[in-house]
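Here are my notes on this model, in numbered points. Please read them with the structure open.

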Amino acid sequence: MGSPMSPQNFHHHDDTDSSKTLNKAMKSFKILAECPITMVSLCSTYKEIVNTSLPKFIPKVIELLRLQALKQQRAHELAKTQGKYMTNVTPEIKNRSTYDDFIIGQVKAASFLAFVFIRKSAHETLEPFHNEIPDLIIRLLQDCPYELSSARRELLHATRHILSTDYKTLFFSKIDMLLDDRVIIGEGFTAHETLRPLAYSIVADFIHVNSNLTSVQIWKSVTIYYNCS
């Protein structure tokens, strides 16, 4: 029997509308979403466990963030072959309820990473994943469904916290995607109307410290804020 973090479990539910099915706790994305929150509480309360527990838990968090619904992964790969990138959920995913729970679990995992980055905990444990983390965060922004505006807000806050640390340089190569409204805000009406100030302030803070912007990127950032005014 696979764990809740096992890709085959998600792929199994990917094709069937099981929104009314009550999964066992060990196969529930809702339960999985509570794990990072619990770890934040434990690490904040019992600081003596940080050095012993985080090195074991962080690889699990990265493993969770690496997971993709099979059909969403294929859609990303197809878009890449066309010189594009996905900024929504593929229509091939029919069970949106389970997929939403899966994404919420990943957002909670990203929030946990932000907690670790801010407190500069487990630096040696995070180091092997430095180059991978920006890709995981950006892809999660791309995959976050339009109906999960609250989850996107939490993900944006997590991104802001990471970008407020010295690790912001890891995201310099992602500036073009962060300047794309479809990526950072999403395509939902609610997110577009309520999250623009937060999203644009994150981008503004980020490009403010990046002295390597090209003229095209500078013009794109100016255009974004001009259209927002």
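1. Start with the crossing. Helix 2 passes helix 5 in a left-handed crossing. Keep in mind that this is a predicted model.

2. Now the geometry of that pair. Helix 2 covers residues 29–45, and helix 5 covers residues 96–118. Their axes lie 7 Å apart, and the packing angle is about 15 degrees. Angles under 35 degrees count as roughly parallel. Helix 2 and helix 5 are therefore roughly parallel to each other.

3. Which residues make the contact? Helix 2 contributes Phe29, Lys30, Ala33, Pro36, Ile37, Met39, Val40, Cys43 and Ser44. From helix 5 come Thr98, Asp101, Phe102, Ile104, Gly105, Lys108, Ala109, Phe112 and Phe115.

4. How do the residues of this contact divide into nonpolar, polar and charged? Twelve are nonpolar, three are polar and three are charged.

5. Next, the fold as a whole. The protein chain has 13 helices and zero strands. Along the sequence, the pattern reads α-α-α-α-α-α-α-α-α-α-α-α-α.

6. On contacts across the sequence: take those in the protein chain between residues at least 6 apart in sequence. Of these, 77% join residues at least 24 apart.

7. Last, burial and surface. The protein chain has 229 residues, and buried residues make up 48% of them. Its accessible surface comes to about 12200 Å². Carbon and sulfur atoms account for 56% of that surface.

How values were computed: Residues are numbered from 1 along each chain as its sequence is written. This is a predicted model: local features need pLDDT of at least 70, side-chain atom pairs count only at pLDDT 80 or more; totals for chains, interfaces and linings use all residues. Side-chain values use heavy atoms; hydrogens and water are left out. Axes are lines fitted to C-alpha atoms, for helices over the stretch in contact, and angles run from 0 to 180 degrees between N-to-C directions. Helices (H or I, at least four residues) and strands (E, at least two) are DSSP runs, numbered from the N terminus. Angles under 35 degrees count as roughly parallel, over 145 as roughly antiparallel, 65 to 115 as roughly perpendicular and the rest as oblique. A crossing is left-handed if the near helix is turned anticlockwise from the far one by less than a right angle, and right-handed if clockwise. Contact means heavy atoms within 4.5 Å. Ala, Val, Leu, Ile, Met, Phe, Trp, Tyr, Cys and Pro count as nonpolar, Asp, Glu, Lys and Arg as charged, and the others, Gly among them, as polar. Buried means under 20% relative accessible area, exposed over 50%, partly exposed in between (1.4 Å probe, protein chains only). Accessible areas come from the Shrake-Rupley method with a 1.4 Å probe; for residues, only the protein chains shown count as cover.
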